[in-house]
Amino acid sequence: MRPPCEIVVWYVIPTIRSELAKELLNLGMKQKEISELLDITQPAVSQYISDKRGHGIKFNPETQELIREFAKDLMDGKLDQSGIISRICDVCRKVKTEEVVCQLHKEKDNIPVNCNACMSSESKDGSHPCG
């Protein structure tokens, strides 16, 4: 059985990158510039843009707007590396509140019907298990 965070790594983060790459392309950036900005290879950007990688999750309009704002801030040079990481984490946290991770977890793994690890579990300090 895989933990929910593995679902995030394999499915959510690639979809965030895919949507972000598409937004940056729509704003006029070239694939090479996008790859340098996101610290990924140009072939990875090409795969994200062409839906060969990081597709299959449909984000709600609120999350799409977060990604659009993120892309605009990147274009305007408002974010350094730590800002980029922080914004990716913000989008990821938003996605987790939509039960997307829980649904994917149930689809991709043999999860008991009453599992609540993705959405309901809290650690001893009251925080969500995956951040």
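I started with R93, which counts as partly exposed at 39% relative accessibility. I am reading a predicted model here, so I keep that in mind throughout.

**Entry 1: R93 and its partner**

I looked for what R93 pairs with, and found that its side chain meets that of D90 in a salt bridge, 2.7 Å from N to O. D90 also counts as partly exposed, at 33% relative accessibility.

**Entry 2: other salt bridges**

How many salt bridges does the structure hold? I noted 8. As a reminder to myself, side chains of opposite charge can pair when their charged atoms come close.

Next I checked K94, which forms a salt bridge with E62, with the closest N and O atoms 3.1 Å apart. This pair links distant parts of the chain: K94 belongs to helix α5 and E62 to helix α4 (residues 61-75), 32 residues apart. E62 is exposed at 54%.

Then I turned to R87 and D73, whose side chains meet in a salt bridge of 2.8 Å, N to O. R87 lies in α5 and D73 in α4, so this pair ties together parts 14 residues apart in sequence. Both R87 and D73 are buried.

**Entry 3: α1 against α5**

Two packed helices are described by the angle between their axes and the distance between the axes. I looked up both for helix α1 (residues 4-26) and helix α5 (residues 81-97): the axes come within 10 Å and cross at roughly 115°. The crossing of α1 and α5 is right-handed. Which residues make the contact? From α1 I listed V8, V12 and I16, and from α5 I listed I88, V91, C92, V95 and K96. By class, the residues of this contact divide into 7 nonpolar, no polar and 1 charged.

**Entry 4: α1 against α6**

I repeated the look-up for α1 and helix α6 (residues 100-108), whose axes come within 9 Å and cross at roughly 95°. These two helices are therefore roughly perpendicular to each other. On the α1 side, P4, I7, V8, Y11 and V12 make the contact; on the α6 side, I found V101, L104, H105 and K108. The contact of α1 with α6 has 7 nonpolar, 1 polar and 1 charged residues.

Notes: Residues are numbered from 1 along each chain as its sequence is written. This is a predicted model: local features need pLDDT of at least 70, side-chain atom pairs count only at pLDDT 80 or more; totals for chains, interfaces and linings use all residues. Side-chain values use heavy atoms; hydrogens and water are left out. Axes are lines fitted to C-alpha atoms, for helices over the stretch in contact, and angles run from 0 to 180 degrees between N-to-C directions. Helices (H or I, at least four residues) and strands (E, at least two) are DSSP runs, numbered from the N terminus. A crossing is left-handed if the near helix is turned anticlockwise from the far one by less than a right angle, and right-handed if clockwise. Contact means heavy atoms within 4.5 Å. Ala, Val, Leu, Ile, Met, Phe, Trp, Tyr, Cys and Pro count as nonpolar, Asp, Glu, Lys and Arg as charged, and the others, Gly among them, as polar. Angles under 35 degrees count as roughly parallel, over 145 as roughly antiparallel, 65 to 115 as roughly perpendicular and the rest as oblique. A salt bridge is a side-chain nitrogen of Lys or Arg within 4 Å of a carboxyl oxygen of Asp or Glu. Buried means under 20% relative accessible area, exposed over 50%, partly exposed in between (1.4 Å probe, protein chains only).
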